[in-house]
Amino acid sequence: MAFEPPRRLVKALGEAAPSGDDWLEKLPEAAQQAVALRELTVERVQVPGGRSSLVVLVRLPDDTPAVLKLAPGRARPESERAALAHWDGLGAVRLLEPAGGEGVLLLERLHPDVSVRSLAEAKSMLEAAGALRRLWVEPPAGPVLETVAERTGRQAEAMRAGADAEAAPLVDAALAVRDELLASPPEARLLHGTFRQSKVLAGERSPWLAVGPDPVVGECAFDLARLVRDRVEDLIASPSGSAITRRRVKRLAESLDLDQERVRGWTLFRAVESGVRARRVGRSQDAELLLEFASWL
């Protein structure tokens, strides 16, 4: 079978690829090797798929359905492996192969086309929050995973360098709130890192399970920031989008026993960071949406 990378993956990796990176060129051969090594039967490549990895629906030699995932090093697949191994199926997709080839993960098969996003808005937020709560456990021992301070520190440097005059006030506000939040952080937990509704899929052994973490260690409020802005296009299009956003911050914070201001602060930082990054790679429409959303906070 030809392992043609989905267009979404090609576009997303092309925006962020360092000079000379040839991971996409080598991907079809790497996928063939990973399949042959494990004696897998390929069903299909998941399309449109994700923005940082190739996802292939496969079957194990005993005909058990599974997922083969291949990701470049800059997507931190080994951090994902460490987090999934630590969760061991509790609230998240189960890792079927503790040690695989570099950048290759073999995972249990969920229902790839059924995410919690398919539910009505209120129900989807409730189920997503419940799934997220199960992931917040003591982090694994050792310096395997990045901390919130480390990740946002790298992002802060890029924000300072990439902000134009229009975005500068929001960048200043985001950087200031980051400093305040890191000055007195609550207890650290293992976080999903990129949690949103589309990252929660229907499963057999549990109704909803999280997939695709970019794990990080830090306070739980950081993990809610991306969920707050879910369906941002709908929020921006609504005449009451700003009020809905503030209510969402309040309800999510209350439902998970978190400080509302800390949730708001990390939501602001992460929205501005995403907006500045989108503008830097030429996604001007996404940037405008994200920065307008951030201005409501």
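I call a crossing left-handed if the near helix is turned anticlockwise from the far one by less than a right angle, and right-handed if clockwise. With that settled, here are my notes.

**Ground rules**

I am looking at a predicted model, where local features need pLDDT of at least 70, side-chain atom pairs count only at pLDDT 80 or more, and totals for chains, interfaces and linings use all residues. I number residues from 1 along each chain as its sequence is written, and side-chain values use heavy atoms, with hydrogens and water left out.

**Confidence**

I looked up pLDDT, the predictor's confidence in each residue, from 0 to 100. The chain has a mean of 93, and 98% of its residues reach 70 or more. Where is confidence lowest in the chain, and where is it highest? I found the lowest in helix α1 (residues 7–16), at a mean of 82, and the highest in strand β6 (residues 189–191), at 98. I took helices (H or I, at least four residues) and strands (E, at least two) as DSSP runs, numbered from the N terminus. A reminder to myself: where pLDDT is low, the predicted coordinates should not be read in detail.

I count two strands as paired if DSSP finds at least two bridges between them. Four strands make an open, antiparallel sheet in the order β1-β2-β3-β4. At its edges I noted β1 (41–45) and β4 (104–108), each pairing on one side only. For angles, I use axes that are lines fitted to C-alpha atoms, for helices over the stretch in contact, and the angles run from 0 to 180 degrees between N-to-C directions. Neighbouring strands here are turned by 30° against each other on average, direction ignored.

I then checked β1 against strand β2 (residues 54–59): the two pair in the antiparallel sense over four bridges. T41 stands opposite R59 in β2.

Which helix packs on this sheet and touches β1, β2, β3 and β4? I found helix α2 (residues 23–38) there, with its direction at about 145° to that of β3 (65–70). Helix α3 (residues 77–87) lies across β3 and β4, and runs at about 35° to β4. I count heavy atoms within 4.5 Å as contact.

Most residues other than glycine have a negative phi, and most peptide bonds are trans. E39 is not a glycine, yet I read a positive phi of about 55° for it. I placed E39 in the loop between α2 and β1. The peptide bond from V47 to P48 is cis, with omega near 10°. P48 sits in the loop between β1 and β2.

**The three-stranded sheet**

The other open sheet I looked up has three strands in the order β5-β7-β8, with antiparallel pairing. Both β5 (111–115) and β8 (208–210) stand at its edges with a single partner strand each, so one side of each has no neighbour in the sheet. β5 pairs with strand β7 (residues 200–202) over two bridges, in the antiparallel sense, and the bridge partner of H111 in β7 is A202.

**Helix pairs**

Two packed helices are described by the angle between their axes and the distance between the axes. I sort angles as roughly parallel under 35 degrees, roughly antiparallel over 145, roughly perpendicular from 65 to 115, and oblique for the rest. For residue classes, Ala, Val, Leu, Ile, Met, Phe, Trp, Tyr, Cys and Pro count as nonpolar, Asp, Glu, Lys and Arg as charged, and the others, Gly among them, as polar.

*α6 with α10.* Helix α6 (residues 168–183) and α10 pack at about 135°, with axes 9 Å apart. The two are therefore oblique to each other, and their crossing is left-handed. Among the residues that meet are L170 and L182 of α6 and W266 and F269 of α10. I sorted the contact into 13 nonpolar, one polar and two charged residues.

*α9 with α10.* Helix α9 (residues 241–255) packs on helix α10 (residues 260–280) at about 125°, with the axes 9 Å apart. That makes α9 oblique to α10. This crossing is right-handed. V249, K250 and A253 of α9 make the contact with Q260, V263 and R264 of α10. By class I have three nonpolar, one polar and two charged residues.

*α4 with α9.* The axes of helix α4 (residues 121–135) and α9 come within 10 Å and cross at roughly 40°. That makes α4 oblique to α9, and the crossing is right-handed. I listed E121, M125, A129 and R133 of α4 against R248, L252 and S255 of α9. This contact has three nonpolar, one polar and three charged residues.
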